[in-house]
Structures are given as C-alpha cells and as structure tokens.
Amino acid sequence: MAEVDHRPVAHRARPLALTVAAVSASMCLFGASQDAPLVKAPPPPRSAPQADTAKPAAPANAASALKAYREDVKGTTLFLTLVPVVPKDGSKPFYIATVETSWDLYDTFLFGFDQQQPSGSTPEADAVTRPSKPYISMDRGFGHACYPVISCSYLGAKKFCEWLSIKTGKPYRLPTVKEWQSACELASVPKEQLKDFAWFKENSEGKTHGVGTTKSDALGCFDLYGNASEWCTSEEGKGVTLGGMFKDPADAIGCSSVVPYSASWNASDPQYPKSKWWLADGGFVGFRVVCEVK
C-alpha cells in the first residue's frame with residue numbers, strides 16, 4: 001500500500017482521474033440534466049431500456065403500470081435510470097438503478113462537485129457527512145470515469161444514498177437482500193450465456209469493467225451478476241454483498257451469492273483507527289441504489 005499522506009487535505013493534489021471524472025461526468029450511461037450546462041453524451045449502451053423523463057409514478061393498485069424513469073441529479077450533468085421491480089411473491093414494488101453506482105456520481109458526492117454549479121446543491125445536502133478523501137487510488141487502476149465504485153464501505157454507500165435522497169427529494173437507499181434477490185430473479189440471466197451478461201473470473205481479465213458494457217438482462221439492468229459485488233442490507237440491518245464479483249468463477253456469482261462483511265477487507269489499512277469509509281483490501285465491493293414507491 002502506498003505511503004500515507006499526512007498533509008491536510010487542502011494541500012494534497014487531487015488524483016488526475018478524479019479531475020477527469022469531473023470534467024467528463026456526462027459520459028457512459030449519463031446525459032445532461034436541465035440544471036447544468038449541456039454536454040453532448042454518447043448514445044446509450046446496447047439494449048438499454050427506454051426511460052421516461054417524468055418522475056416516478058406510484059399507482060395505488062396498478063404495480064404493473066410502473067415505468068422506468070430518469071433521475072437528473074441537480075447541479076451536475078449526470079442522471080440515473082431506474083426500472084420498476086414487481087416481486088413475484090407479491091412484496092411491495094420498488095425501483096432499482098439499471099447500473100452499479102459509478103465513480104462519476106460518487107466523486108460528485110465525495111468532492112462536492114455539485115456545490116460548484118449554480119443552484120447545484122442545498123444546505124441539507126451540504127450537511128450530509130461525506131467520506132474522508134482517499135489516500136490511495138481506490139479504483140485500483142482498473143478505470144475511473146464510467147467504472148463502478150469499488151473499495152467503498154457500507155457506511156459510505158449509505159451516506160451516498162442519504163445525499164441523493166436530499167438532492168432529489170425521493171427516498172433512495174440500498175436494497176435489502178430480499179429486494180436485490182427479487183430483482184435478480186426477474187433479471188433471468190441465462191447461465192449458458194453468462195459471458196454476455198456478466199464480468200467474472202473467466203472473462204474479466206482480473207478487473208472491473210465499465211458500467212453498462214454487457215448486455216442488459218430481462219429487467220433492463222446490467223451487472224447484477226459479477227463486476228462489483230453490491231452492498232445490501234440484511235434482515236439484521238447489517239451490510240452484506242450480493243451478486244459476486246469479477247474475480248469469482250462463474251458458479252459463484254448470481255442471485256444466491258451472499259457474502260457478509262469481513263474485517264479482512266480492510267486489514268492492510270495503516271490508519272488508526274482504520275477508515276470507516278474505505279476498504280483498503282475491498283477493491284471489489286460497490287453498490288447500486290433503489291428508490292421506494294410512495
């Protein structure tokens with residue numbers, strides 16, 4: 001692990017990758033919001049679901065009428081696309097992000113890039129406790145802009161959801177284990193075609209890959225299997241990861257892959273106390289968000 005920089009954060013140079021991410025924040029699956037300068041974005045990835053720009057509807061007795069929607073993040077050129085999940089067991093429907101949370105969005109939260117745009121933030125959003133700045137490159141050199149967040153603690157993921165909720169006025173959070181597995185079941189990823197839908201040991205080349213670079217599943221999501229494992233909340237209210245990750249073999253990823261937090265994910269952190277925001281040895285843990293149906 002790189003030597004710890006003990007200088008105050010204000011005197012440290014920002015990693016080049018983070019600066020690039022801020023400039024090119026409209027790339028990958030994102031576009032320009034109405035509240036930020038227009039930046040031309042590339043076409044969406046193959047098989048991406050068509051989403052309404054309207055805010056999510058919540059029909060009282062018509063869960064099947066729920067539609068995908070786009071959430072513009074005020075003060076940025078970024079947006080999320082979410083699709084509805086209507087569990088087969090009759091549980092309450094919810095929306096789930098089509099992709100794992102990318103560094104583009106997390107950097108905005110982490111470094112306060114939204115505060116640098118006119119009308120980009122709110123006092124409430126600014127008051128959310130943000131993670132300490134990482135002292136090493138937490139993307140492990142795999143890729144930054146358009147790549148999934150990794151090395152993020154359960155607390156860091158939850159605080160991102162809190163920030164996003166205040167920014168948008170909607171109840172964003174991490175999925176429960178039951179919700180994530182409901183979405184995964186509806187995704188219906190065929191095992192015989194796994195290499196088309198997931199990044200895992202046999203095809204990942206030992207690294208994460210950009211969000212939305214595989215085929216979308218039947219639900220309209222990407223990377224529920226593999227790539228970064230995803231933080232969820234257990235029935236006991238603790239953080240566990242689901243889906244498996246890029247270093248796992250094919251038979252170890254998918255809906256039944258549930259791995260609880262391990263202290264080994266932060267064993268080599270030289271700080272004392274160890275960071276509560278970052279996982280020095282967890283370069284495979286990320287997350288995606290869900291939104292409740294009101």
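In what sense do S3 and strand S9 (residues 290-292) pair, and over how many bridges? The two strands pair in the antiparallel sense, over three bridges, where strands are taken to pair if DSSP finds at least two bridges between them. The model is predicted, so that local features need pLDDT of at least 70 and side-chain atom pairs count only at pLDDT 80 or more, whereas totals for chains, interfaces and linings use all residues. Residues are numbered from 1 along each chain as its sequence is written, and side-chain values use heavy atoms, with hydrogens and water left out.

The protein contains six helices and nine strands, these being DSSP runs numbered from the N terminus (H or I of at least four residues for helices, E of at least two for strands). Of its 294 residues, 55% count as buried, a word that here means under 20% relative accessible area, with exposed meaning over 50% and partly exposed in between (1.4 Å probe, protein chains only). The accessible surface comes to about 13,200 Å², and 55% of this surface belongs to carbon and sulfur atoms; the areas come from the Shrake-Rupley method with a 1.4 Å probe, and for residues only the protein chains shown count as cover. Among contacts between residues at least 6 apart in sequence, 68% join residues at least 24 apart, a contact being heavy atoms within 4.5 Å.

The pairing of S3 with S9 belongs to an open sheet of five strands in the order S1-S2-S3-S9-S4, with antiparallel pairing. Strand S1 (69-72) and strand S4 (172-173) are the edge strands, each pairing on one side only. S2 and S3 run antiparallel and are joined by four bridges, and Pro-84 stands opposite Tyr-95 in S3. Tyr-95 also has a bridge partner in S9, namely Cys-291. Further along the sheet, two bridges join S4 to S9, again in an antiparallel arrangement, and Arg-173 has Val-290 as its bridge partner in S9. S3 is covered on both faces, for Phe-94 and Ile-96 on one side and Tyr-95 and Ala-97 on the other are all buried.

A loop between strand S3 (94-97) and helix H2 (103-111) holds Ser-102. This serine is buried, with a relative accessible area of 0%, and its side chain makes a polar contact of 3.1 Å with the side chain of Asp-104. A polar contact is a pair of N or O atoms within 3.5 Å; within protein, one must be able to donate a hydrogen and the other to accept it, and residues adjacent in sequence count only if both atoms are side-chain atoms.

A second open sheet has four strands in the order S7-S6-S5-S8, and its pairing is mixed. S7 and strand S8 (285-286) stand at the edges with a single partner strand each, so one side of each is left without a neighbour in the sheet. Strand S5 (residues 229-233) pairs with strand S6 (residues 239-243) in the antiparallel sense over four bridges, and Trp-231 has Thr-241 as its bridge partner in S6.

Trp-231 leads on to the packing of side chains. In soluble globular proteins, nonpolar side chains tend to be buried together. A nonpolar core is a set of buried Ala, Val, Leu, Ile, Met, Phe, Trp, Tyr and Cys residues joined through side-chain atoms within 4.5 Å. The largest such core has 47 residues, and those with the most contacts inside it are Tyr-106, Phe-160, Trp-231, Phe-287 and Val-289. Strand S2 (79-85), S3, H2 and helix H4 (154-168) are the elements that give two or more residues to this core. Apart from it lies another core, of 24 residues, among them Phe-94, Val-189, Phe-200 and Cys-232.

The whole structure has one disulfide, defined as a pair of cysteine sulfur atoms within 2.5 Å. It joins Cys-184 to Cys-255 with an S to S distance of 2.1 Å, and with -90° about the S-S bond the link is left-handed. The pair links distant parts of the chain, 71 residues apart, with Cys-184 in helix H5 (residues 177-187) and Cys-255 in strand S7 (residues 254-260). Cys-184 is buried at a relative accessible area of 1%, whereas Cys-255 is partly exposed at 22%. The sulfur of Cys-221 is 9.7 Å from the closest cysteine sulfur, in Cys-184, which is too far for a bond; Cys-221 also counts as buried, at 1% relative accessibility.
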